[in-house]
Each structure stands twice: as structure tokens, then as C-alpha cells.
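Please keep the structure in view while reading.

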Amino acid sequence: MATAAVSPAYAHAGASEKSGVWSWLTTVDHKRIGALYLYTALAWFAIGGTEALIMRIQLQGPNGHVVSADTFNQLFTMHGTTMIFLVVMPLSAAFFNFLIPLQIGARDVAFPRLNAFSYWVYLFGSLFMNSSWLLGMAPNGGWFGYAPLTTMAYAPGLNIDFWMLGLQILGISSLAAAFNFITTIINMRAPGMNLMRMPMFTWMAFVVQFLLVLAFPVITIALVFLQFDRFFGTNFYTMTAGADPLLWQHLFWIFGHPEVYILILPAFGLVSEILPTFSSKPIFGYPVMVYSGILIAFLGFGVWAHHMFAVGMGPIADSVFSVTTMLIAIPTGVKIFNWIFTMWGGNLRFTVAMKFAISLVALFTIGGISGVMHASPPADLQQTDTYFIVAHFHYVLVAGSLMGLWGGIYYYFPKITGRKLSESIGNWHFWLTFIGVNLTFMPMHWSGLYGMPRRIYTYDAGQGWHIFNLMSSIGAYIQAVGVIIGFWNLFRSRKNGEIAGDDPWGAPTLEWSIPSPPPEYNFAVIPTVTSRYPLWDVKSPQLTAEVPHSKHGDERNDVQVGGKHVAAFHDHLSAGTPEGGINPNAKQASTKVPLKTAEQLGIPMPFPTIKPLFVALFMTFMFGSLILIHKDKTDLAITGVLVFAAAMTASLYLWLTSPLEPNHT
Amino acid sequence: MATAVATHAHPPTSTGLDHRKIAIWAFIGSECMLFASLISTYLIYKGRSVVGPFPHEACDPPKCATHLHAILNIPVTSVSTFVLLMSSLAMVLALAAVENRGKPGYEGIMGSSKLWLLVTAILGTTFLGFQAYEFTSFVHEGLTIRTNLFGSSFFTLTGFHGAHVTAGVLWLVTLLAIDMKRGLGPKDAILVDISALYWHFVDVVWIAIFTLVYLIH
């Protein structure tokens, strides 16, 4: 067969990689951009975690005075902003970048250079926002930045300027990436990869892109109003001019609640990849998992005001938002049960990735249940602005999103680097994290119910909060040790980990059919997909025999897709791949034959280019110049904006007029 | 190896559509939420300004220091709205000219994409001229972006729309430059197609703004 002639030969990890700083600055390869997102987000994770640790040291006992009240405000604001916008979203973006093209059988994203642009905007935007620390003027208005408290009258410092301009820049990164991924998923699926055959991660990523596209413009406008108020003296948030004190809250939470699902759905997707593999069972109720993901996203736009029960919107608004919020628990509960049924009766393998995934299922449920409690306005009025809320969203975001993302890192690290993370070090990482997370956030339920307010920088003795705060602080220290061990694992396994081979876990989806790390072109031959579990069809057909939309299930049901009978054999996937079975310890034979380059195979690859980096850099400077208005240097600000806008436009022009890739027909 | 070579070219897209066409629709979806936020804010703040000038009603002492008449000039804006709508027609003709280059019925004026791109750009610029005139006259009559809630929300909303028209005009001029340099043929239709989608979207938004801001009291 012709396919045999071009089937990928095996090379061990890291062979034939271009390296050097310049190759990273100019890369347009979705896999390398994914790696950049991953390592940048982990660096910010260390910083955001340090901010949390300082707060926990302060709150460890009564009357702590390690930092001042003002510094404490900056710490909790930047902790929240960093963890949401600079850690969890970019970690998800790392997986979007790395996985979407691999899972749908594509060679890159639809717009490779736009993809590089998204990353550089994220990097420069995050640096811009955090540069405020150097001036001692980090944002201090909370991650939600409630106006009018953030208007010039109440927040005269530069702190809020850094925050709002930084978020504005980061929003551009997310939007550009979302347009790119929507196009990629709609338009670049391999033949036969119809929507209901897409891996669950790609499905959840797809849903998240729509949330991004529809939610981010709203906060963009809320921030534009804030910028105009602060810089040009408009009245959007000026109460004396008749403004509505709730305008910001509504706009912010119309963005803010979908944002919650932007943070959790990618982790849900990763868990939906990990559980079937390590249970050796197809995911339970695939279509329902897809539909409940879509339903969560849809309902997510109709619940925002549950963040605002305490402002007194009246019984009708409160009731409506209470009911919609409770409704969201249904599709979420469906997912939880489907994960449990996926594991039920499976041949479970408790790898570190699996442990992280299971802990998401268990701990997210705790956060989900306390979330349903807030859905009731009378209960919420007791809980709002207390540590009970802090406990709730940390169970959702740390024990949920972050656990899922760590699971994803352990699961996909072999594909990203060609080497497995150490399971023994990973076990320390997992158990310390698991114990630390619960010890930190579980007692916060009690300190909250005993009345401890959020965001206070210190508290008196004798209020009944001490013991819970002490537990939380000890838990935070344990988490820190766990994270350091996890970082060490990442660092040492990059060079010294066990060679992974193509498919170290016995997984069912396309990304495991190609070498680890994948060659720059991903697939030497674009695969033809005939089922949801192409690799299991080849390697362990007994696992998919009962599944409709699997190859064997289709044979059984005689399914026709697009007028064609779909029971074609996955020749191209098995060609050159030794039959591995699902034994996780089976190693692929690693030969020294280097992978063929894209050039040898005649695959046109996009040119590396520095231009997206420059566009991103000048755009960040352009936004950053606005901050000078605050210092009454309006002329300088206008000059800066114009100069950098011109530089940005020139770079953009060069970008758009240079060809993407070598000519071919 | 013939089959192997065939597999190396870019595979056809899943939908058969160009990537850029899908991306521009996603972008337009996003822009809908952007303008929805702006328009909602304008409507929420309608009638809440504590000082004049007001859009539809006069303001007399003692509420305002002097007599201020209703500020919106609906006849003039109707003309500029008509101009913008006609630009969409010219845009349709420009796209048709590019797509059908060389086909019967597209000789002469109907086939001149340069002409229709130019007309679209000129009509867009005319609309911007009207807006500049409107903004200037409002400032002369005492309404700036800082005066009251109406001023803040009106100038921000229409200013954002004007910025979108400006970007569209620059896009059209770029296309015109390419057309002059090497000519746009059916293979380049996607370039004109996505700019046309954007242009029509900006037009549709203006219809909403004209109705909600200008016509409805």
C-alpha cells in the first residue's frame, strides 16, 4: 500500500528538534506554542501561589502583621487575577494548542501565526500587569474590580490602571485564540472525524471557545467604560451623574459566570480523556456528555446575577436566577455520574493522572454542592462575602480545574516531551496536593459559617476563627511542598524520564497514534477516522465492540455515514505500529531511524516568523502608554499610543503580506 | 508514489469553506456581544441624565442653566444612514464583480470591482464625515463625552461604531490597492467576501443604533 511507504518511522524522544531561543521566538508550531503556554502558566502559578502563601502566613494566627492592609489588598487581587487569567486559562490554552489539532487529525491550527500572536499577547500582557509590583502599585480592587470603587474618586493610584489595561490586553489574546480554535475544529477535522466522533476534550474545548467569544466582549466594554471614566472623565460609574451602581456588576458577571465554565470545562474534557483510558472502558454516555457540556455553557449565560443576591434586586430577579442556577447542577451532575459509570466495572489502573482525575470528580462535587447552596438567596445572604464562598470556589477551581489540569499534565507529558513523568515522585505530588487542598479549603467552610469575612487582612483573637485559619495555613504549606515536588518532577523528567513511546497508556484517540513527541507535521498521512476510538479498534477491539460509532459497533449496526459504509479498516494507524495491546507496560520498539522531515515528505509547513511577536509587543506598549494619561502626561501618552499603533500596524502589514508557507499547488 | 504525493497537499476543509470565512463569522458573533453591551448600556442610561442636553426633549431652566433644545438631528442622520446602506449595495456589486470576473454580463461597469470598492469606501467615508459633523455640532451645543450620562453613552456607542466603519474603510482601501496593483479575480473572492461580511455587519449594527438611539423616543 502507498500508505506504508510514508508511515512514520520511529525515533526516540527529542530527535530532529530545532532548538535555540530564536526558534522559540519565531515558532508557529501549535505544539511548541502549547509548550510555551504550559511553562509560562506554571511560572505564574509559582508567583500566584507565593501570593497565596504570604496571605496564609498573615492569617495563620490572630493579629498577624506580616504585610500591611494595603499590601494584603494587592496580594488577594493579584492572587485571584493571576490564578484565573494567567494560570488556569493559559494552562487550558496549552492543552487547546497542543491537543486540538492532534485529536482531530490536523497538521496545525487554522491560523498558525495568529496562534503565536495569542501567546505573545498573553506573555506581554501578564508581564505588563505584574510590572506594577515593581512600582509597589499592584492592582488592589479585587479580581472583580467593582466600580464605582475602582473609579478615580475612590482608587486614585495607578493600581487599577494596570489591572484594567492588563485585562484588556489579555482579552485580545483569548479572543484571537478562540476564533482560531473555532475555525480549526469546524474546518480541519480529518476525513470521517464527524462532530460526534470528536474526543471529549476537543468537544469541551469547542464549547469553551464559544464561551470566550461571547463573554469576553462584555468585559471588554465594561473595562472600556472604566478606562473612559478614569482617563477621560466620562460618567458611566459616577453616581452623582445618575449612573447605576449595578452596571459594572451586571456587565462583569455576564462575563464572570461564563468565565467560571471557561475555567472548568477544559479540565472536564481532560478528565473525560483520562478516565476511559485508565478504566479500559469507553466513556459512559458520550452523547449525553457532549450535550450536558453544551447545556452548561448555554445556561452559564443565564445565571450571572446569583453573584449579586446581596445587592437587593428584588424577589423576582432573585427567584429567576436562583432557579437557573439550580438547573445548571443537572448537566453538571450528569457529568459526574457518567464519569463514575465510566469507571464502574472497569479495569482500573491507578496512575498519577488517574488519581488526579478521580480527585476532580470527588472534590469538584463538594464545590458543586456548596455552589447549589448559594443558589438559594436566603442561604446566600448568610454566606456571601464570607470564607464559605472562598471555600466553595477554591474547591471548584483548585480541587476541580487545577486537579484536572495536573491530571492532564501527567497524562499528556509523554506526548509533549516523549518521556513519562516519574510515577513515584508523582505520587508524592498527588497525595500532598490532595491532603493540602482539603486541609486548606475544608476548614474555610467553618471559618465562613462562623462569620469570617473575605478579604480581611487580619483578625482578632477570640472570634473562634483561629483554629480553622491555622488548619488552612498548614494545608497551604503542604500544597506548596506538593507543588514544588511536582515542579521537580517536570524538571527532571524532561531529560531523565522513562521513554514513553507512541502510546504509553493504551489510549483510544488519534494523538496516541503518532510518535512522541510528534513530528512538526503531526501526521505523515492524514488519517481517515471511522470511529470514536480508532486506536482501540486496531489494538483492542474487544473494548469498543459494544459501542455505536466505534468501527465494530458500526458494523454491528450497519451505520452509514455520509452515504458511505464506515467500517473501513484503520490500516494507516496500524501500519508501522507494533500491536501494542493495552498493557501499559508494553514499550514501543524504539529504533534509531530518524523521523522523516516535512520537506522529505513534501508537506508544506508554515515559515517561522517573528512578526506576530512584534505586533503583540507594540500592541502591549500601545495600551501601556495610556497609563501616562493618569500621570497628566497626556501629550506623551498620545505620542506613545500613536507611535506604537504605527509600529503595530507596520508589523501587522508585514505579517499579512508575507506568505504563510512555501508555494505549492 | 502518485498517491503519496496526493496526500501531502493541504487536505480539503471539513466544511468546504475557507478558514477565513468561518473565522470572520466567529468574529462577528463576538462583535454582536460587544455592541449589545454598548447598546444595552445606552438604553439603561436613557432618561437618567441629571443635566442636559437630552436626546429627544428640550431642557429648560431651572433644570438646565439655559434653554437647550433636543439635540439629535434625525433628518441629517437619516441621510447618513441612507448613505451607509447604499454602501452595502456597492459592496455587493464589488463582490459580484470579483467573483464573476470575465463572465458574460460582467463587462464594463458591472465588472469593475475597482469602481465599486471605491464607491463603497467613499460612501463609508461620507458617513464618517456626517458623524464628524454631528459630533462637532453636539460639542458646540454643549454636549461632550463628560457632560452627562447621555453624552458618555452616546459618544462611546456611536464612536465605537465609527471606529468600526473607519477600520472597514481602511480594509476597503487596501483591497482597492491590491486590485489596482494586480487585479482581483475569482480566486481572491474570499478576500472581498470576508470584508463584505464585516461591512454588512457594521451596517446592520447601524440600523439597530439608528432605530434604538435616534428614532425611538
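## Buried and exposed residues

A residue is buried if 20 or more other C-beta atoms lie within 10 Å of its own, exposed if 12 or fewer, and partly exposed in between. The model discussed here is a predicted one. Asn522(A), which has 23 C-beta neighbours inside 10 Å, therefore counts as buried. Asp385(A), with 13 other C-beta atoms within 10 Å, is partly exposed.

Most residues other than glycine have a negative phi, and most peptide bonds are trans. Asn522(A), however, has a positive phi near 65° although it is a residue other than glycine, and it is found in the loop between H15 and H16 of chain A. Asp385(A) is likewise not a glycine and has a positive phi of about 60°; this residue lies in the loop between helix H12 (377-383) and H13 of chain A.

Two peptide bonds in chain A are cis: the one from Ala147(A) to Pro148(A) has omega near 10°, and the one that joins Ser516(A) and Pro517(A) has omega of about -15°. Pro148(A) lies in the loop between helix H5 (112-130) and H6, whereas Pro517(A) is found in the loop between helix H15 (466-496) and helix H16 (534-539).

## Two pairs of packed helices

Two packed helices are described by the angle between their axes and the distance between the axes. In chain A, the axes of helix H11 (residues 352-374) and helix H13 (residues 387-417) come within 8 Å and cross at roughly 160°. Because of this angle, H11(A) is roughly antiparallel to H13(A). The residues of their contact divide into 16 nonpolar, nine polar and no charged, and the crossing of H11(A) and H13(A) is left-handed.

Helix H9 (residues 286-300) and helix H10 (residues 315-343) of chain A pack at an angle of about 155°, with their axes 9 Å apart, and they are therefore roughly antiparallel to each other. H9(A) passes H10(A) in a left-handed crossing. Residues of H9(A) including Val288(A), Leu295(A) and Leu299(A) belong to the side that meets H10(A), where the partners include Leu327(A), Pro331(A) and Lys335(A). The contact residues of H9(A) with H10(A) divide into nine nonpolar, five polar and one charged.

## Where chain A meets chain B

Across the two chains, 37 residues of chain A are in contact with 34 residues of chain B. Helix H1 (2-5), helix H6 (159-187), helix H7 (200-232) and helix H8 (247-279) of chain A each supply at least two residues of the side that touches chain B, and the largest share, eight residues, comes from H7(A). This side of chain A divides into 26 nonpolar, nine polar and two charged residues.

Terms used
Residues are numbered from 1 along each chain as its sequence is written. Chains are lettered from A and ligands numbered from 1 in the order in which they are written. This is a predicted model: local features need pLDDT of at least 70, side-chain atom pairs count only at pLDDT 80 or more; totals for chains, interfaces and linings use all residues. Axes are lines fitted to C-alpha atoms, for helices over the stretch in contact, and angles run from 0 to 180 degrees between N-to-C directions. Helices (H or I, at least four residues) and strands (E, at least two) are DSSP runs, numbered from the N terminus. Angles under 35 degrees count as roughly parallel, over 145 as roughly antiparallel, 65 to 115 as roughly perpendicular and the rest as oblique. A crossing is left-handed if the near helix is turned anticlockwise from the far one by less than a right angle, and right-handed if clockwise. Ala, Val, Leu, Ile, Met, Phe, Trp, Tyr, Cys and Pro count as nonpolar, Asp, Glu, Lys and Arg as charged, and the others, Gly among them, as polar. Two residues are in contact if their C-beta atoms, placed from the backbone, lie within 7 Å.
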